[in-house]
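Subject: Structure for your files

Hello,

Here is the structure I said I would pass on. My notes on the helix packing and the nonpolar cores follow it.

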Amino acid sequence: MSGDEQAFGVYIHWPFCLSKCPYCDFNSHVRREPIDEPRFLRAFHSEIGAIGERTRGRTVSTIFFGGGTPSLMQPATIAGVLNSIARQWRVAPDVEITLEANPTSVEATRFRGYRAAGVNRVSLGVQALDDRALAELGRMHTAREALDAVGVARAVFDRYSFDLIYARPGQTPQEWADELKRALAHAGEHLSLYQLTIEPETPFYALHAAGKLKTPVEDIARALYDTTQEVCAGHGLPAYEISNHARPGGECRHNLVYWRGHDYAGIGPGAHGRLNVDGSRHATATEKRPESWLMRVEAQGHGIISDEVLTREEMSDEYLLMGLRLAEGIDIARYAELSGRPLDPARVAALHEHGLIDTTASGRLRVTLPGFPVLDAVVADLAA
Ligand SMILES: C[S@@+](CC[C@H](N)C(=O)[O-])C[C@H]1O[C@@H](n2cnc3c(N)ncnc32)[C@H](O)[C@@H]1O
Ligand code: SF4
C-alpha cells in the first residue's frame, strides 16, 4: 500500500449537460433555461459545511468535479466551491484537483479560468477519434475539435487525461489498435479506456434490445480488450485499474481513493460518499434530481437522503469489489480485519490454479491479466 493510507477525497457532482448521449446513464440532465449557478454554489457551500461537521480534522488530498459536464460551470463557481472546501478542511499542499470536461472549443476557452481557480488536472471525454463513431455516440464534437481541446489541456494544465469508449458496434481489433495508437500520440500520463456498456433505460438499450445496435460478440470483445492491454503497455501506459492506464506516478489519485477503500465526501445531486464517523463506516447518498436536491439543501442544510452504517460483510465485500479492479490488488490482512474472517483458502487455491489470481510475498492478492476479463466471477467467488 502506498503512503496515502489517510487519503480523503471530495467529489462534487455537476448534473447538467448540453445534450444527453444515448449510451449514458450518469445523473445528468438537460435544461432549457439557464442554470442558476450562484444558487447552486450556495447549496454546495451548505452541504460541504454539513459534511465537514462530521469529518473534522481531515486533510483533503483530492478533489474531483464530475458530471454531467462540469466544464459548463463558470470558473468563478469552481473557485467558490474550492474556497468552501478550504474553509471546511485542511487541504494538502499537493492536492490533486480534477475537472471532467467535454472536449469542445467553447469549453476549452474556459480552461485557463479553471486553472486560475485552482484546478490542476483535467479529464476529457474524447470517446472516439472517428467522426462517424462520434456521431453514432451522439457527441457534439468532431475528432479534430477533441484533439484541439486536448492540445489546450496539455498547454494549460500540469496533468491531463482523456477517455475513449471501445467495443463499439462493428469495431474490429485492427481498427481499434490503429485508433488507440493515434490517441497515444496525444496522451500524457493517463488514459481511461472503457468498453461500451449497454445501460438499462438508455436509448442504446432499446436499440440493442430491438437488434438495431450490435455490440461485439464475446471473442471479439476479448480481442479488443487484449489489444488495449498490449498497445498501452507497449507505450508505457500499463493498466493500473481494469479501465485506467497510466505511466507510473500518473495514476488518478482521486479514483484510487475509491478503489483502495478510503474515505470521500460526496457533494451535489446524486453523489455518494463513504465516511468513517466515530469508528463506523457510513455510506451516504444525496437526492438525485437537481431541483429537489436544491430544495432539500435549502431546507435542511444538506441533500442526504440515505446514510447507512455498513456491516462488516458489506465493508469487506466492497473492499474486494473495488480493490480487485486495481493491478495492485488488495491487502489480504485488511480484508480479514474488515470481514472478521480470512478469505477461504480453498477458493483462493482454486482461482490460483486456474491462473486467475496471484498472491505476493507482501500479503497482497491480485487478479492476473487473464483474470481481468472475468473479474466479476472472481470477485463473486471470493466473496461467496
Ligand atoms: C461522467 S462521464 C462523462 C464526462 C463528460 N461529460 C463527457 O461526456 O465527456 C465519464 C465517462 O464515462 C464513460 N461512459 C459513460 N457511459 C458509458 C457507457 N455506457 N459505456 C462505456 N463508457 C461510458 C465515457 O467515456 C465518459 O467520458
Ligand atoms: S457522456 Fe458526458 S456529456 Fe454525455 S450525457 Fe453523459 S455526462 Fe453528459
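**Helix α7 against helix α9**

Helices α7 and α9 are roughly parallel to each other, because angles under 35 degrees count as such and their axes cross at roughly 30°. Please keep in mind that this is a predicted model. The two helices span residues 173-184 (α7) and 218-234 (α9), and their axes come within 9 Å. The crossing of α7 over α9 is right-handed. On the α7 side the contact is made by P173, W176, A177, L180, K181 and L184, which meet I220, A223, L224, T227, T228, V231 and C232 of α9. By type, the residues of this contact are 10 nonpolar, 2 polar and 1 charged.

**Helix α1 against helix α2**

A second pair is α1 with α2 (residues 75-88), packed at about 20° with axes 9 Å apart. That angle makes α1 roughly parallel to α2. Here, too, the crossing is right-handed. From α1, the residues E37, L41, F44, H45, I48, G49, G52 and E53 meet T77, G80, V81, S84, I85, R87 and Q88 in α2. The make-up of this contact is 5 nonpolar, 7 polar and 3 charged residues.

In soluble globular proteins, nonpolar side chains tend to be buried together. The largest nonpolar core in this model has 100 residues, and the members that touch the most others are I85, L124 and F162. Helix α6 (residues 143-156) is the top contributor to this core, giving 7 residues. I85 is also one of the α2 residues in the contact with α1.

Leaving out residues up to four places away in sequence, F162 touches L124, V126, V150, A183, H186, A187, H190, L191 and S192. There is also a second, separate core of 13 residues; A7, Y240, L256 and V257 are among them.

**Helix α11**

Which residues of α11 (residues 290-300) are buried? They are P290, S292, W293, L294 and V297. The cover over these buried residues includes α1 (37-54) and β11 (280-286). After α11 comes G301, which has a positive phi near 90°.

Regards

Technical notes
Residues are numbered from 1 along each chain as its sequence is written. Chains are lettered from A and ligands numbered from 1 in the order in which they are written. This is a predicted model: local features need pLDDT of at least 70, side-chain atom pairs count only at pLDDT 80 or more; totals for chains, interfaces and linings use all residues. Side-chain values use heavy atoms; hydrogens and water are left out. Axes are lines fitted to C-alpha atoms, for helices over the stretch in contact, and angles run from 0 to 180 degrees between N-to-C directions. Helices (H or I, at least four residues) and strands (E, at least two) are DSSP runs, numbered from the N terminus. Angles under 35 degrees count as roughly parallel, over 145 as roughly antiparallel, 65 to 115 as roughly perpendicular and the rest as oblique. A crossing is left-handed if the near helix is turned anticlockwise from the far one by less than a right angle, and right-handed if clockwise. Contact means heavy atoms within 4.5 Å. Ala, Val, Leu, Ile, Met, Phe, Trp, Tyr, Cys and Pro count as nonpolar, Asp, Glu, Lys and Arg as charged, and the others, Gly among them, as polar. A nonpolar core is a set of buried Ala, Val, Leu, Ile, Met, Phe, Trp, Tyr and Cys residues joined through side-chain atoms within 4.5 Å. Buried means under 20% relative accessible area, exposed over 50%, partly exposed in between (1.4 Å probe, protein chains only).
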